Amino acid sequence: MLRKSSLALIVAALLASGGWWIWRQQTRATGPESASGAAPAQAASAAPKGGPQTVGVFSALKQDVPVTLEASGTVAALNLLDIRAQTTSIVKDVLIKDGQTVRKGDLLFRFDDRAARADLDKARAQLARDRSNLADLQRQHQRAVELRAQNFVAQSAVDTALSNLEAQRSLLQLDEAAVQAAQVALSYNEIRSPMAGRAGNVNVVAGSLVQANSTALPLVSIAQINPIAVGFTLPETQLSALLQATRNTKAEPLMAQVLMPGARAGMKAAKGEEAAPPPQGRISFVDNLVDAASGTIKAKAEFDNEQQLLWPGQYVRVRLQLRVIKDATVIPVAAIIQRGNERSVFVVDADKLAQQLPVQIRHSFGEMAVVEGIKPGDKVVLDGKQNLRPGTAVKEQAAALNPAAPKRAASAASGT
């Protein structure tokens with residue numbers, strides 16, 4: 001009986017194992033079928049409905065595009081002069097104030113000139129005395145010549161009279177030079193502005209002692225602010241384009257524009273006022289060497305500064321217009337597809353089909369780019385191009401451009 005019970009248990013266990021194995025095999029066989037059946041349903045629900053794909057298009061523009069460079073610069077006075085005394089004296093009058101605008105020739109300082117005037121009077125008196133002596137020697141020489149003609153005196157007497165006359169003439173020239181030197185010394189007691197400009201701090205007051213010393217503190221500094229200069233640097237990679245632009249401007253100089261940081265220029269004016277245009281100038285200097293340490297080249301531009309929009313030491317942005325691309329084809333940069341070194345765009349043809357065309361970028365500016373490979377007026381796909389394939393049927397609508405894009409581009413996209 002024990003053997004029969006054990007055998008029955010073994011048979012039951014075998015039957016149970018066989019039933020589990022058969023159920024497992026059926027589950028594996030039916031699983032993929034269920035999964036494969038669910039996938040098409042999900043794909044069908046995710047797949048777009050039949051019909052053309054809606055895309056945002058932009059009509060390629062035709063316009064002249066300026067090629068510009070921008071750099072950071074610092075405003076500097078074209079000329080900056082330190083006014084110093086050329087004589088040792090006492091300041092009598094200070095005729096200039098801190099920050100005053102002066103013209104060329106304006107009187108700035110007057111010193112105590114009594115000693116200089118006395119020296120000038122002394123030199124003039126000496127000159128007058130020697131002129132009187134010269135007249136007397138001329139008469140003596142003339143009398144000696146007449147007496148020699150009558151054989152009343154020897155020739156040596158005539159020679160002596162002539163020698164004295166010539167010596168007196170030389171002494172008279174020395175006196176005239178002394179008078180001129182005294183006049184120059186007297187002129188040092190009045191200091192006039194050598195140029196038009198704006199004065200800095202006045203460092204002396206009436207009664208101060210000044211000395212002719214090049215290391216002493218200047219009496220005042222004058223900066224020429226009209227015209228004014230802006231110095232800036234460009235990377236050496238832009239040197240070729242800069243030099244080419246300067247060579248191509250024989251009739252007109254290469255122009256520069258200052259992008260003012262504040263609201264004084266190029267910003268919307270208050271009601272009833274006109275906005276001041278950005279200062280316009282010309283390139284006046286390109287350095288003769290590239291700084292090997294920084295890889296940059298120095299340049300300078302001169303600007304008319306009658307309205308005093310620019311101030312020495314001010315930090316500004318400078319824009320140079322190197323050239324103009326005439327009749328360029330312009331599209332948004334966002335419409336260009338980049339794959340390695342290849343650039344392409346999708347355009348919508350006459351049959352409302354998307355076609356992929358290769359393009360070459362000639363110049364980028366902001367949100368837009370000048371390209372070759374398509375024509376002005378071609379409808380370039382801007383929105384929805386990631387889902388397109390060549391030959392896909394599409395439905396057009398105006399593309400949503402970045403608000404920072406040019407107004408002209410936005411109006412072209414809307415068809416206005």
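**Close-up views of strand pairing and a buried loop residue**

**View 1. Strand β14 and its antiparallel partners.** In β14, Ala299 is the bridge partner of Phe232, a pairing shown here, as in every view, in a predicted model. Strand β11, residues 228-235, is joined to strand β14, residues 296-303, by eight bridges, and the two run antiparallel. Strand β13, which covers residues 280-286, also pairs with β14 in the antiparallel sense, in this case over five bridges.

**View 2. A lysine over a phenylalanine ring.** Lys300 lies over the face of Phe285, at 5.9 Å from the ring centre. As for pairs between aromatic rings, taking centres within 6.5 Å as the criterion, the count comes to zero.

**View 3. Leu310 in the loop between β14 and β15.** Leu310 is placed in the loop that lies between β14 and β15, the latter spanning residues 315-332. Leu310 counts as buried because its relative accessibility is 0%, where the limit for that class is under 20%. Among the residues that Leu310 touches, leaving aside those up to four places away in sequence, are Val75, Val258, Met260, Pro279 and Val316. The contacts of Leu310 also include Ile228, Val230, Phe303 and Asn305. Ile228 and Leu310 are separated by 82 residues in sequence, yet their C-alpha atoms are 7.6 Å apart in space.

**View 4. The open sheet β3-β10-β8-β5.** Four strands in the order β3-β10-β8-β5 make up an open sheet in which the pairing is antiparallel. The edge strands, each of which pairs on one side only, are β3, residues 80-83, and β5, residues 101-102. Between β3 and strand β10, the latter formed by residues 220-223, four bridges are found, and the pairing is antiparallel. One detail of this pairing is Leu81, whose bridge partner in β10 is Ile222.

**View 5. The open sheet β7-β6-β4-β9.** This view shows an open sheet of four strands, arranged in the order β7-β6-β4-β9 with antiparallel pairing. At its edges stand β7, residues 190-192, and β9, residues 209-210, each of them pairing on one side only. Strand β4, which comprises residues 89-94, is joined to β9 by two bridges, with the two strands running antiparallel. Opposite Ile90 stands Leu209, a residue of β9.

Note on methods
Residues numbered from 1 in each chain as written. Predicted model: local features only at pLDDT ≥ 70, side-chain atom pairs only at ≥ 80, totals over all residues. Heavy atoms only, no water. Pairing = 2+ DSSP bridges. Phe/Tyr/Trp six-rings, centres within 6.5 Å; stacked < 30°, edge-to-face > 60°. Lys NZ or Arg CZ within 6 Å of the ring centre and 35° of its normal. Buried < 20%, exposed > 50% of the residue type's maximum accessible area, 1.4 Å probe, protein only. Contact = heavy atoms within 4.5 Å.
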